[in-house]
Amino acid sequence: MQVYRGWLFGAVLALTGVAHGAGDPEKGKLIVTAGDGSGAPCVACHGLDGAGNDLAGFPRLAGMDAGYLVKQVRDYRSGARKSAVMSPNVDDLNDDQIADVAAYYAALDTAPTSLPSGAPGTLALGEALATKGDWDHYIVPCETCHGPGNVGVGSDFPKLAGQHPTYIKQQLKAWKTGTRNNDPNHLMLAIAGRLTETQIEAVAAWLARQDPKGGK
Ligand code: HEC
Ligand code: HEC
């Protein structure tokens, strides 16, 4: 186990990194198409290209950090993160297989998502939240943790740029209601709890339209 320690806003955060060996993307591809032996194969929902599906609420996995993906799949397997749709598909994977499947999706290229242009007012509100925050309501800018361009930082802070808006909204609401609570130090729970429905809508719409690679 690696332990990262960092200072954020005067608080010491001890984030526990997931210890994992580098997976084998070739073996991962076989699991993506075959599944874990009992559930549905990943390809059925996340696609071979890791694009996911906005309307269905299937997240895009292409180009996300392998360590982050490993942590999430392990959390579904252990029940630390709950999803009746997801958990049965990964509960029979061993640690090596999880590393392999994560390595496969992490290595895929991420073409920007094509979405219809959003309402300017909504996008402006979303951009302000993501880049400047809402200090009157103790909401730190998303990019403080999720990195410049919200493309993610290491294995602890996932990429949000280019993620599907439906999925982003679902996750923020899951933290707000407490159904997702597997985040280190409950960093997200605290933030999502303070976001209004309008802010959730706006920040999801803006983030989804950003370049996953951080380009303008
Ligand atoms: C039946 C559809 C379905 C299948 C099959 C499926 N998933 Fe998922 N996956 C989902 C849904 C829905 C979510 C979001 C669930 C939630 O809200 O936590 C998800 C979430 C995830 C996440 C979290 C992503 C993030 O950004 O936090 C990972 C990682 C993941 N799936 C990997 C896999 C892998 C690996 C497989 C195959 C072994 C797989 N999934 C099979 C539907 C599916
Ligand atoms: C203090 C640090 C911090 C800030 C600020 C922050 N986040 Fe997060 N966020 C995290 C961490 C840590 C995770 C990963 C949780 C886990 O490992 O399960 C996360 C995960 C997420 C996820 C889930 C991504 C996925 O793939 O499942 C979403 C969506 C999200 N954050 C949205 C936001 C938005 C929107 C903002 C700004 C309004 C924001 N975050 C600000 C720390 C932060």
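## Basis of the model

Residues are numbered from 1 along each chain as its sequence is written, while chains are lettered from A and ligands numbered from 1 in the order in which they are written. Because the model is predicted, local features need pLDDT of at least 70 and side-chain atom pairs count only at pLDDT 80 or more, whereas totals for chains, interfaces and linings use all residues; side-chain values use heavy atoms, with hydrogens and water left out.

## The iron atom of ligand 1

His46 (NE2) and Met86 (SD) coordinate the iron atom of ligand 1 at 2.0 to 2.2 Å. Donors are N, O and S atoms within 2.8 Å of the metal (3.2 Å for Na, K and Ca); water is not among the atoms, so sites may look incomplete. The arrangement around this iron atom is octahedral because its six donor atoms subtend angles of 86 to 179 degrees. Six donors count as octahedral if opposite donors are over 155 degrees apart and all others between 65 and 115.

Histidine 46 belongs to helix α2 and methionine 86 to the loop between α3 and α4, so this pair ties together parts that are 40 residues apart in sequence. Helices are DSSP runs (H or I, at least four residues), numbered from the N terminus. Histidine 46 has a relative accessible area of 10% and is buried; methionine 86, at 15%, also counts as buried. Buried means under 20% relative accessible area (1.4 Å probe, protein chains only).

## The surroundings of ligand 1

Ligand 1 is surrounded by 24 residues, of which Cys42, Cys45, His46, Tyr76 and Met86 are the closest. A residue is counted as near a molecule if one of its heavy atoms lies within 4 Å of it. By class, this shell has 17 nonpolar, six polar and one charged residues. Ala, Val, Leu, Ile, Met, Phe, Trp, Tyr, Cys and Pro count as nonpolar, Asp, Glu, Lys and Arg as charged, and the others, Gly among them, as polar.

Oxygen atoms of ligand 1 also have polar contacts (pairs of N or O atoms within 3.5 Å). A polar side-chain atom of tyrosine 68 is 2.8 Å from an oxygen atom of the ligand. For an N or O atom in the side chain of arginine 81, the distance to a ligand oxygen is 2.9 Å, and for one in the side chain of tyrosine 167 it is 3.1 Å. Two or more residues of the shell come from each of α2 (43-46), α3, α4 (87-90) and α8. Helix α3 gives the most, with five residues.

## The iron atom of ligand 2

The iron atom of ligand 2 has His146 (NE2) and Met188 (SD) as its protein donors, lying 2.0 to 2.2 Å from it. Its six donor atoms subtend angles of 84 to 179 degrees, which makes the arrangement octahedral. Histidine 146 is part of helix α7 (residues 142-146) and methionine 188 of helix α9 (residues 187-194), so the pair ties together parts that are 42 residues apart in sequence. Histidine 146 and methionine 188 are both buried.

## The surroundings of ligand 2

Around ligand 2 there are 25 residues, the closest being Cys142, Cys145, His146, Tyr167 and Met188. The shell comprises 18 nonpolar, three polar and four charged residues.

Helix α8 gives the most, with four residues.

## The aromatic pair

The structure holds one aromatic pair. Tyrosine 104 and tyrosine 105 form it in an edge-to-face arrangement, 5.3 Å centre to centre with 65 degrees between the planes. Rings of Phe, Tyr and Trp (its six-membered ring) pair if their centres lie within 6.5 Å, and planes over 60 degrees apart count as edge-to-face. Both tyrosine 104 and tyrosine 105 are buried.

## Two buried alanines

Alanine 130 lies in helix α6 (residues 120-131) and is buried, with a relative accessible area of 0%. Its C-alpha atom is 9.0 Å from that of glycine 149, a residue 19 positions away along the chain.

Alanine 205 is located in helix α10 and counts as buried at 15% relative accessibility. The C-alpha atoms of alanine 205 and alanine 119 are separated by 9.0 Å, the two residues being 86 residues apart along the chain.

Terms used. Tetrahedral: all angles 85-135°; square planar, octahedral: opposite > 155°, others 65-115°. Buried < 20%, exposed > 50% of the residue type's maximum accessible area, 1.4 Å probe, protein only. Phe/Tyr/Trp six-rings, centres within 6.5 Å; stacked < 30°, edge-to-face > 60°. Polar contact = N/O pair within 3.5 Å; in protein donor to acceptor, adjacent residues only side chain to side chain.
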